[in-house]
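Look at the structure first, then read the points below.

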Amino acid sequence: QVQLVESGGGLVQAGGSLRLSCAASGRTFSSDAMGWFRQAPGKEREFVTAISWSGRRTYYADSVKGRFTISRDNAKRTVYLQMNSLKPEDTAVYYCALDPGANYELSYEQRPLAYDYWGRGTQVTVSS
């Protein structure tokens, strides 16, 4: 059974930083692409970033490019999201997601439906 558990959310002032973690279990993990999504109240879940199975390729939404960094440690079965220069509009519940068997070395998915497994999310609140 695949489990994804996010941690690291919290309350931070605008301009601050947070580092989210997502620990995976129940699958090989090193052969799976991973992504982060977020959902603000009253809005649809949106793509934030994705990383290939190897960690060599990363992809970002325009809204976070240059501020957020995704990485992974396959030995620890964990994917990270470093968020810098946070803005109030970054406030949302952040979810990690796993696309099983996908490598994302040449292309990636930003549709939530493409990801089969999801964590329960962690709240990030950025105050102005």
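β9 and strand β11 (residues 122-127) pair in the antiparallel sense over three bridges. Here, strands are DSSP runs (E, at least two residues), numbered from the N terminus, and two strands pair if DSSP finds at least two bridges between them. The model is predicted: local features need pLDDT of at least 70, side-chain atom pairs count only at pLDDT 80 or more, and totals for chains, interfaces and linings use all residues. Residues are numbered from 1 along each chain as its sequence is written, and side-chain values use heavy atoms, with hydrogens and water left out.

**Strand β9 and its partners**

- Val-93 stands opposite Gln-123 in β11.
- β9 also pairs with strand β10 (residues 117-118), antiparallel, over two bridges.
- Ala-97 has Trp-118 of β10 as its bridge partner.
- Strand β4 (residues 33-39) pairs with β9 over seven bridges, again antiparallel.
- Ala-33 has its bridge partner, Asp-99, in β9.
- β9 (residues 92-99) is mostly covered, with seven of its eight residues buried (under 20% relative accessible area, 1.4 Å probe, protein chains only).

**The four-stranded open sheet**

- Four strands form an open sheet in the order β1-β3-β8-β7, with antiparallel pairing.
- β1 (3-7) and β7 (68-73) stand at the edges with a single partner strand each, so one side of each is left without a neighbour in the sheet.
- The twist averages 15° from one strand to the next (axes are lines fitted to C-alpha atoms, and angles run from 0 to 180 degrees between N-to-C directions).
- β1 pairs with strand β3 (residues 18-25) over five bridges, in the antiparallel sense.
- Ser-7 has Ser-21 in β3 as its bridge partner.

How values were computed. Buried means under 20% relative accessible area, exposed over 50%, partly exposed in between (1.4 Å probe, protein chains only).
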